[in-house]
Amino acid sequence: MALTYEEVVAKYEPSLGLEVHVELNTQTKMFCGCATEFGAAPNTQTCPVCLGMPGALPVVNEKAIESTIRIGLALNCAITPKSRFARKNYFYPDMPKNFQISQYDEPICTNGYLDVEVETDEGIKTFRIEIERVHMEEDTGKSLHVGGATGRIHGAEYSLLDYNRAGIPLVEIVTKVVSGTGKYAPEVAKAYVKELRDILRSLGVSDVKMEQGSLRCDANVSLAPTGSGKLGTRSETKNVNSLRSVERAVRGEMIRHAGLLDKGERVIQETRHFQEDTGATRSGRSKEQAEDYRYFPEPDLTPVAPDAEWIERLRSDLPEKPSVRRARLQDQWQVPDKEMAAMVNAGAVDLVEETVALGADPTKARGWWLGEISRLANEAEIELNAVGISPKQVARIVELISVGELTDKLARQVVASVIAGEGDPDSVIATKGIKVVSDESSLIAAIEKAIAAQPDIAEKVRSGHLPAAGALIGAVMKETKGQADAARVRELLLGLLS
Amino acid sequence: MPRISRDEVARIAALARITLRDEELSGLAGQIDGILDAVAVVQEAAGADVPAMSHPLEITNVTRPDVIVPSLTPEASLSGAPASEESRFRVPQILGEEA
């Protein structure tokens with residue numbers, strides 16, 4: 001019998017380690033001038049350097065160094081006065097030169113931290129995630145496995161390589177062991193990746209699109225018996241491609257580890273792959289023999305030694321921190337803590353801010369993003385910003401409600417249609433003939449019909465029992481197919497029955 | 001005492017996916033030892049006061065601006081490849097030994 005999550009966290013204490021890879025959005029690759037555009041035709045963005053041709057010499061992209069230092073500074077890291085690149089040697093065709101240029105014992109940024117907020121049973125709590133290192137490396141090429149039943153690497157007959165991605169600047173951000181999270185480990189992991197993503201976005205150094213792979217997370221999870229003070233054997237889950245998946249992967253691995261430990265079995269230190277459809281992980285390479293990367297300093301590149309003046313200039317140019325910005329917006333919009341946390345959790349802050357910037361009332365904008373639109377996003381299991389409605393469209397809907405051209409009920413129909421891809425609010429309204437029935441004579445006709453159909457209820461209202469009016473208003477709304485403004489109907493109804 | 005054991009050569013060969021015969025394993029262990037002996041001589045020459053360096057010149061921060069330079073055409077990129085398909089490099093199955 002598998003343990004429930006509650007049983008797992010009662011018996012075991014989780015420890016996490018998170019490695020985030022982020023592709024920088026530089027125009028060119030890390031060590032050559034090839035373009036980095038996403039989705040280009042195969043092998044159109046390659047040259048002798050990124051193809052590892054003999055004699056080709058890499059030269060570092062200055063912008064990539066600058067972006068990495070800015071990431072380090074935003075994460076409160078120390079910047080290493082002189083750091084070097086190293087060759088990580090391995091025999092695998094995703095890199096054409098049989099090694100990846102990375103940083104090993106001299107990363108450019110070390111010892112930082114990032115505070116993240118998670119809603120707990122005792123209210124919102126801050127967890128400090130310590131950063132071990134931030135280092136520069138290059139991304140690998142893309143493999144397409146051909147043959148075999150599943151298109152997966154196992155059973156493939158051969159593989160096809162596209163090296164457009166090989167050499168794109170990649171920054172790896174590694175945490176120290178994160179402990180003391182208890183049952184909130186999955187939420188802390190998600191909050192960390194989310195906060196990191198927000199920081200990277202505010203710095204403008206990456207597209208941070210998890211679904212396109214420009215932000216990727218590997219989650220190390222281990223369990224130890226509660227109170228033992230030990231660290232268990234960890235598994236590393238790769239291929240975690242959404243914030244929701246980070247949370248699911250950590251929770252799933254905690255349950256899997258606990259199941260093994262409870263049966264007296266051992267957790268194998270291995271790489272596992274997250275399965276988006278089932279939420280489970282699958283064992284990756286089953287090699288007992290550990291990889292040996294034989295790191296050594298890259299002789300083709302010179303050390304990176306950023307001078308203090310440059311670092312201080314970059315530090316002074318850092319944008320407002322997302323956490324500071326959130327506090328500012330919360331104050332501006334007069335939002336209670338819990339509501340603000342809900343907005344952050346739903347990834348709605350940017351969306352609400354943009355909607356408000358387009359003229360919408362903050363409370364109304366928030367109501368739509370956190371209400372109906374969140375509900376539809378959850379139903380479709382997608383992120384709020386990918387649901388298919390823009391701040392501009394929401395702002396327009398809010399505007400149409402405020403001038404009385406839509407009721408809340410009709411607006412929900414419009415939102416659903418926009419999300420379904422039927423066009424902008426105005427064209428949806430025109431196409432579907434959605435409009436508030438404001439023609440008083442037809443409203444009065446509908447009200448009179450409702451009164452005639454339910455004379456006893458009308459009598460109650462007449463004698464002063466106002467709550468009874470609801471039944472009549474409901475009948476009118478039904479008659480007008482929801483296109484009437486309920487408040488106006490009530491006014492007219494009470495006028496007729498007074 | 002050899003610096004590199006026969007087992008270590010076998011392990012490195014496996015990581016590199018190179019199949020070696022028994023007699024080649026023994027022979028290579030000796031040859032790699034010879035190379036390491038030669039490097040050891042250089043190591044003796046460098047005293048503790050000489051810092052390790054990864055580049056022959058004492059220079060730092062050789063960088064390039066983030067400006068796009070034309071790439072090769074896919075045809076040129078693939079021209080030296082033993083096999084290609086759909087504008088991609090075609091390579092033998094990966095991890096075949098684990099399939």
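Two residues are taken to be in contact if their C-beta atoms, placed from the backbone, lie within 7 Å. The legends below concern a predicted model.

**View 1. Contact residues of helices α14 and α15 in chain A.** From α14(A), the residues Ile457(A), Ala458(A) and Val461(A) take part. They meet Ala469(A), Ala471(A) and Leu472(A) of α15(A). By class, the residues of this contact comprise six nonpolar, no polar and no charged.

**View 2. Packing geometry of α14(A) and α15(A).** Two packed helices are described by the angle between their axes and the distance between the axes. Helix α14 of chain A spans residues 455–462, and helix α15 of chain A spans residues 469–479. Their axes lie 8 Å apart and form an angle of about 130°. The two helices α14(A) and α15(A) are therefore oblique to each other. Their crossing is left-handed.

**View 3. The side of chain B that touches chain A.** Here 34 residues of chain B are in contact with 46 residues of chain A. Elements of chain B that contribute two or more residues to this side are β1 (63–64), α3 (74–78) and β3 (88–92). The largest share, five residues, is supplied by β3(B). This side of chain B holds 17 nonpolar, nine polar and eight charged residues.

**View 4. Strand pairing between chain A and chain B.** Strand β2 of chain A, residues 60–61, pairs with β1(B) in the parallel sense. The pairing runs over two bridges. Within this view, Val60(A) stands opposite Thr63(B), a residue of β1(B). The strand β1(B) is also one of the elements that give two or more residues to the side of chain B touching chain A.

How values were computed: Residues are numbered from 1 along each chain as its sequence is written. Chains are lettered from A and ligands numbered from 1 in the order in which they are written. This is a predicted model: local features need pLDDT of at least 70, side-chain atom pairs count only at pLDDT 80 or more; totals for chains, interfaces and linings use all residues. Axes are lines fitted to C-alpha atoms, for helices over the stretch in contact, and angles run from 0 to 180 degrees between N-to-C directions. Helices (H or I, at least four residues) and strands (E, at least two) are DSSP runs, numbered from the N terminus. Angles under 35 degrees count as roughly parallel, over 145 as roughly antiparallel, 65 to 115 as roughly perpendicular and the rest as oblique. A crossing is left-handed if the near helix is turned anticlockwise from the far one by less than a right angle, and right-handed if clockwise. Ala, Val, Leu, Ile, Met, Phe, Trp, Tyr, Cys and Pro count as nonpolar, Asp, Glu, Lys and Arg as charged, and the others, Gly among them, as polar. Two strands pair if DSSP finds at least two bridges between them.
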